[in-house]
2 protein chains.
Amino acid sequence: MILNDRKIKILEAIINDYVATAEPIGSRTIAKKYNLGISSATIRNEMSDLEELGLIVQPHTSAGRVPSDKGYRLYVDHLMHSRELTGAETKALKELVNQNLNHIDYLMKQTAKVLSMLTRYTTVVTEPKGREIKVKHIQLVPVDERSVVCVVVTDNKVIKNHVISCRLAPDMDELNRISAMFNMLLKQCDIMTLDEKSLDAITEKFGGYKELAADIAEAVKRTVEEEEDVQFYASGVNNILDFPEFSDVGKARSFFQAFEEKKMLITLFGQNPSGTPGKIQIVIGGENNMEELKDCSIVRANYKYGNNTYGTIGVIGPTRMNYSQTVSLLNAIVKSINNVIKASEDEDNGG
Amino acid sequence: MILNDRKIKILEAIINDYVATAEPIGSRTIAKKYNLGISSATIRNEMSDLEELGLIVQPHTSAGRVPSDKGYRLYVDHLMHSRELTGAETKALKELVNQNLNHIDYLMKQTAKVLSMLTRYTTVVTEPKGREIKVKHIQLVPVDERSVVCVVVTDNKVIKNHVISCRLAPDMDELNRISAMFNMLLKQCDIMTLDEKSLDAITEKFGGYKELAADIAEAVKRTVEEEEDVQFYASGVNNILDFPEFSDVGKARSFFQAFEEKKMLITLFGQNPSGTPGKIQIVIGGENNMEELKDCSIVRANYKYGNNTYGTIGVIGPTRMNYSQTVSLLNAIVKSINNVIKASEDEDNGG
DNA sequence: GTTAGCACTCATCTCTCGTGAGTGCTAACT
DNA sequence: AGTTAGCACTCACGAGAGATGAGTGCTAAC
C-alpha cells in the first residue's frame, strides 16, 4: 500500500490534534476541522489503511485513532517542519546566555530550568564529561585547627571541595608550600595511574605531612572519580503531573521512581558517543526499553565542551509531545550554550 | 463533660487505628479489636461525647469517626508515649554518625536521607544559621587564564566557591599574595558593614588588582548573604504519593508546588528563635495556616551548631502521621548529630 | 450506667439502560 | 476506480436504580 499525499495529511491532522487534546480523533472531526475536501467516509477508508500500516491505533473498537510510536517516528523523521521561536522563547534564551554564567555548574542548572520552563516538560542536563579528566591545580585552605579544605580544579573547569581532617592543621604558609609541592607533582605524573607503592614513595617526600599528603591524593582521586561519574541536573520533574497520561498516581509514582535511578538516567541521557554534537536525537515511546517509560518520549542532543568532552541536554515528556517545539528549542539552546562555551574557550586560548 | 479514662482509651484506639488504616473507625470495630470490656453501644455513646468535645469528627453521617486536629493535639501533648527504636533504626542512625561527615553539607544531606528513609515521610533539613556569620578566610585559586575561583570559609565552617572572571588572571604566587592581604583585611574589619566609599579606599591599596579586589569583596559579601539566607535539603518528597490522602493528582501537585516555594519552607522549617534546641515541636494539620498543607503535620526540632547558631530538622507527612515513631526518631537523630557536632567543636577548642 | 434492639442514613457497588462518538461495510453515484 | 451516503454495529461513559453494609442515634429494658 502506498502512502500518498492525502494519507500523510490525515496522519498529520491526527498527530496535531492528539498532541493538543490527548483525545482519540475520529473521522468526522478531521472532516470538519481540516478542510481536506473529502468526506468523513473517505477519511475512514484512509484511516483504515493508516492503521494497517501501523501508523495509528485504535484504543478500543468504537473510539477514534491515536498515533502509534511508528506514526510519531514517521512524523519526526519526514513530516515535521521546524518551528520559529516565539518572542518569549527568544527572550528567555537571550537572558540565559547573558547571565554571567562563569561556572559550568550554574550554566547547566540555568539551562535545565529555562528549558523545562519553556517546554513544560522535564529537562535533564548532564555535566560535560570526557574520558580523561586531568587535575589542573589543587589548593589547600585552612578551615579550623583540625581540618583543611582541599580545592581541586580540573581541566574541564570543575571546582570541587574536599574537607580533610587532620590532627593539627598546618598554618597558611605551610599549606601554600604543600599545595605548591603537590601541584609540581601533578605536572609530572598522572596521579590516577599511580599504584599504592609509587604513591607511598611520593608521599614519603612530604616528610611530616605524609598523612595529609595521602589524604590530598585521596581527595584528588575522588574528584576525578566523581567527575568521571556522570552528574545530572533535572528540572521540572513535577511537570509530568500536568499531563492526563499521568493523572493516575501510580503512573506518576513510577515515573518519579524511574527518575531516581541513576542507571536509567545514564541509559537515557548519558552522552551517546555516536551522537554528533548538536544533532538532535529522538527516542519515541517504547523505543526506549523501559516499561515504566513506555509512554514517554525523549528529545536530546549532545553539546561539545572542550576536546572530546560532551554533555547532554534532554527533554522527557509524554509520547504525545510537541516535537516540533521541543526540537526547535533544543536546537536553539544547544547553539546558544555552544557559543557561550566557545567564547570562553577562545578567551582562554587568545588571552 | 469530663474526659474520663475510658474516653481516652477510645480516643487512643481511634487514633491508632486511623493512623494505620486511613479509614474512619466505627464503634463495632473498636469493640471487637480492643478489649475494653464494653459493648459497641456504650462506645457509641462515648464517641458521641468525644465528638461533642471536638476531638473526633465524622466525615459524613453514616461513616465512622476520624481524629480531629484537636484530637491529635491532645494525643501528642498528653497521651503519646515515646517508642523504642527498632534495631534497624538504631543501626541506620549509627551508620549515619559513623560516616566521615566532615563537611556540614554532607551531614545535612545524609541526615535528611536517613530520616526520610526511616519515616517514609518527607524530611527537610536547614543548614545551621545564626545572625552573625563571619568570614574566616579566603583563598584565590587559579582556574584558567581568564578566571580564578575565590574559596570562602566562614566561621560556621561553610565553604563556598565563587568563580571570578578577569582580563588576565595573576599567577599563583600573586594570588597567594592577594589572598594573604585580603585575609589581613578580614581580621581588621567587618567587610559587611563597610560602605562603598571605605571599600573603594581599601581596594585602592591593591593597586593593579583593584578590579579583582572589588570582585573578591563582592564574592565574600555574596557568601555571607547566601549563608544568611536559609538553605534547605529535602529528601523523600515523593514519599507523599504513597499516602491515600494524596491519591488525587491535584492534591499531590499542590503539595509539590507548595514545596517549591521558599517562603513556605521558611515559615514551616525556618529556625524558630523561641524553640530550645532539641525540643520537639509539632504542628498539626490546620495549625499551620497554609491551605495547601492543611492535611499535613510537621514535626521538627532545632539543633545547636556553635554559639547562637541553629539548624532545623523537620518531617512533614499526612496529619494521620505516626507521631510517636517520628518524635522518637527525630529525638534520637538530633541527639546524634548534636554529639557529632559537639565532638568536632571540642576538637577545635581542645586541639 | 450499660446494653440490646431497631430504625435510619449514606457511601459504595453493581447492574442496566440510554446516549453518542466512532467504525466498517455496502451500494450507489461520478 | 474513486468517492460518498447510509446504515448497522460497537463500546465507553454517565445517569439512575437497587442492593448492601457499615455506621449512627435513640429508646427501652436490664
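Predicted model: local features only at pLDDT ≥ 70, side-chain atom pairs only at ≥ 80, totals over all residues.
Residues are numbered from 1 along each chain as its sequence is written, chains are lettered from A and ligands numbered from 1 in the order in which they are written, and side-chain values use heavy atoms, with hydrogens and water left out.

**DNA strand C**

- Around DNA strand C there are 22 residues, of which A:Ser27, B:Arg6, B:Thr42, B:Thr61 and B:Ser62 come nearest; a residue counts as near if one of its heavy atoms lies within 4 Å of the strand.
- Of the atoms of DNA strand C that come within 4 Å of the protein, 76% belong to sugar and phosphate.
- B:Arg6 has a polar side-chain atom 2.8 Å from a phosphate oxygen of DNA strand C.
- Helix H2 (27–33) and H3 of chain A, together with H3 of chain B, are the elements giving two or more residues to the surface near DNA strand C.
- That surface divides into four nonpolar, 14 polar and four charged residues, where Ala, Val, Leu, Ile, Met, Phe, Trp, Tyr, Cys and Pro count as nonpolar, Asp, Glu, Lys and Arg as charged, and the others, Gly among them, as polar.

**DNA strand D**

- The residues around DNA strand D number 23, and A:Arg6, A:Thr42, A:Thr61, A:Ser62 and B:Ser27 come nearest.
- Sugar or phosphate holds 77% of the atoms of DNA strand D within 4 Å of the protein, and the rest belong to bases.
- Two threonines of chain A face phosphate oxygens of DNA strand D: a polar side-chain atom of A:Thr42 lies at 2.5 Å, and a side-chain N or O atom of A:Thr61 at 2.9 Å.
- A base nitrogen of DNA strand D is 3.2 Å from a side-chain N or O atom of B:Arg44.
- With four residues, H3(A) gives the most to the surface near DNA strand D.
- By class, the surface near DNA strand D has five nonpolar, 14 polar and four charged residues.

**Chain A against chain B**

- 40 residues of chain A contact 39 residues of chain B, contact meaning heavy atoms within 4.5 Å.
- The two chains bury about 3700 Å² between them, 57% of it on carbon and sulfur atoms; buried area is the accessible area (1.4 Å probe) that two parts lose on being put together, summed over both.
- A:Arg146, A:Val249 and A:Arg253 supply 15% of the area that chain A buries against chain B, more than any other three residues.
- Two salt bridges cross the interface, each a side-chain nitrogen of Lys or Arg within 4 Å of a carboxyl oxygen of Asp or Glu.
- B:Arg253 and A:Asp242 meet through their side chains in a salt bridge (2.8 Å, N to O).

Definitions and conventions: Polar contact = N/O pair within 3.5 Å; in protein donor to acceptor, adjacent residues only side chain to side chain.
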